[in-house]
Amino acid sequence: MSAHKSGEYQPTDEDLIERFQRGDLYAFDLIVKRYKDQLLNFIYRFVGSQEEAEDIVQETFLRVYRKRKAYKRIAKFSTWIYTIAGNLARTELRRRKRRRLFSVTDMGFEDRDYEISDDGLSPEREAHGVMQEEIIQKEIEKLSPKFREVIILRDIQELSYEEISKIIKVPIGTVKSRVNRARLRLQSRLKDLRSKK
Amino acid sequence: MASCEKFTEKIFDYVDSLIPADKKKEVQSHLEECSQCRSVFNDAHSARQQLRGLKRIKTPPDFDTVLRARIRMERSLTRRGMFDWPLRLPIYAVAGSLAVITAFFILSNFRNNPRLNLNKPQIISQPYTQSSPDNLSNVAVTPRERVLFPMDKFSPLVGRGTPLNSEELDRDSNASLDSVRGVPKRAIHPVEFEIEF
């Protein structure tokens, strides 16, 4: 986060967490305000359910609250919070995989709730846009978690390769290779879908 | 083909807009010449553009309220955990004392009761003197000799092919005397041993 925005002083994330470590609860509120939507998007694209994503984001902030003393300024705050959120999302995916072993039924794609902001499109175009989004989301979910996570962090969250490398704790070269393979795989599937129509 | 390998990494950097300005021209001219690399570039670029164009979802309006409620609940639980133990101390003390007194009484009764001494079998009366089968007149067996093993006090061996009462024991004893010309077998029975002449 930038320190200055429209002439007004904006504390960095690291300043905020330090203030929070000293007991300033208002600083925690500001952290929540800055990160809640971006974390929700990251987790939602990762796990594919908005309801579960909201729970995971809540849990992420609870962990930040609980473990605030564990944060050290040697790392970027965003790296720390994304690591927590990513770990929780991976745990959720593993839990879901175990559940699926025992359950025959699985939630259909059409059952999911979406909160899509109104951008003034005509109903037809909007319906087409929503459908496209659903197709892309479905294809993202078909990628393995290790490809899915990096492609979301890079192309949706627009984080740098360096930061992704720190979040998922793999070398930058591996991150780049995973991102590019994920992009090509995703595009190939989307092309296949379009050619079938 | 060799030149394509040289360009692979640069093509992906070009997709990410991370390529230095001086290398950009070189990559562009290669893409114009090589259809295979152009296809890879187009796929990766297209996937990236589609992901970047996905709609952003927002947290619901009650997100902060729910989070605050969860934090308040956690804080109250932590506080209760920290400050409740002095209140519960008398209860723990009374419960502990009662447990110690009960254990003391049980142990003292156990040690003073000869019937509950499980260490060795009790021999009621003198054991018989074993003699050789050739000299039956020298058989010196105390009538109604009885050896009680510790577990006999608790569980008579019912239904395991073992004689249960004195009649059966007498029959067994006589049978054994007949078969070995009047010489009793030693300790044929783990429960009760009676010999009659």
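Helices (H or I, at least four residues) and strands (E, at least two) are taken here as DSSP runs, numbered from the N terminus. In this predicted model, A:Glu163 lies in helix 7 of chain A, and A:Gln187 is found in helix 8 of chain A. The contact between the chains, where contact means heavy atoms within 4.5 Å, takes 44 residues from chain A and 31 residues from chain B.

Because the model is predicted, local features need pLDDT of at least 70 and side-chain atom pairs count only at pLDDT 80 or more, while totals for chains, interfaces and linings use all residues; side-chain values use heavy atoms, with hydrogens and water left out. Residues are numbered from 1 along each chain as its sequence is written, and chains are lettered from A and ligands numbered from 1 in the order in which they are written.

**Chain A as a whole**

- Chain A has eight helices and two strands, and along the sequence these follow the pattern β-β-α-α-α-α-α-α-α-α.
- Of the 197 residues in chain A, 47% are buried, where buried means under 20% relative accessible area, exposed means over 50% and partly exposed lies in between (1.4 Å probe, protein chains only).
- Among the contacts in chain A with a separation of 6 or more, 62% come from residues 24 or more positions apart.

**The interface of chain A and chain B**

- About 3700 Å² is buried between chain A and chain B, and carbon and sulfur atoms give 54% of this area; buried area is the accessible area (1.4 Å probe) that two parts lose on being put together, summed over both.
- The rule finds 21 residue pairs in polar contact across the interface, both residues being at pLDDT 80 or more; a polar contact is a pair of N or O atoms within 3.5 Å, and within protein one must be able to donate a hydrogen and the other to accept it, while residues adjacent in sequence count only if both atoms are side-chain atoms.
- On the side of chain A that touches chain B, at least two residues each are supplied by helix 2 (25–47), helix 3 (50–66), helix 5 (123–142), helix 6 (145–156) and helix 8 (172–196) of chain A.
- By class, that side of chain A has 18 nonpolar, eight polar and 18 charged residues, with Ala, Val, Leu, Ile, Met, Phe, Trp, Tyr, Cys and Pro counted as nonpolar, Asp, Glu, Lys and Arg as charged, and the others, Gly among them, as polar.

**Salt bridges**

- B:Arg52 forms a salt bridge with A:Glu158, the closest N and O atoms being 3.3 Å apart, and the pair runs from helix 3 (residues 35–52) of chain B to the loop between helix 6 and helix 7 (161–168) of chain A.
- Both partners count as partly exposed, B:Arg52 at 35% relative accessibility and A:Glu158 at 41%.
- Within chain B, B:Glu26 forms a salt bridge with B:Lys10, with the closest N and O atoms 4.0 Å apart; the pair links distant parts of the chain, B:Glu26 in helix 2 and B:Lys10 in helix 1 (residues 2–15), 16 residues apart.
- B:Glu26 is partly exposed, with a relative accessible area of 30%.
- Salt bridges that share partners join A:Glu59, A:Arg63, A:Arg66, B:Arg70 and B:Glu74 into one network, and the side chains of A:Arg66 and B:Glu74 meet in a salt bridge (2.5 Å, N to O).

**Helix 2 of chain B**

- In helix 2 (residues 21–33) of chain B, the buried residues are B:Val27, B:His30 and B:Leu31.
- These residues cover an arc of only 100° around the axis, so they lie on the same side of helix 2 of chain B; the arc is that of the directions from the helix axis to the C-beta atoms.
- The exposed residues B:Ala21, B:Asp22, B:Lys25, B:Glu32 and B:Glu33 are carried by the face of this helix turned away from its buried side.

- A:Glu163 is buried, with a relative accessible area of 9%, and, leaving aside its neighbours within four places in sequence, A:Glu163 is in contact with A:Lys76, A:Ser78 and A:Thr79.
- A:Gln187 is buried, with a relative accessible area of 4%, and its side chain makes a polar contact with the side chain of B:Ser46 (3.2 Å).
- Leaving aside neighbours within four places in sequence, A:Gln187 is in contact with A:Arg194, B:Asp43, B:Ser46, B:Ala47 and B:Gln50.
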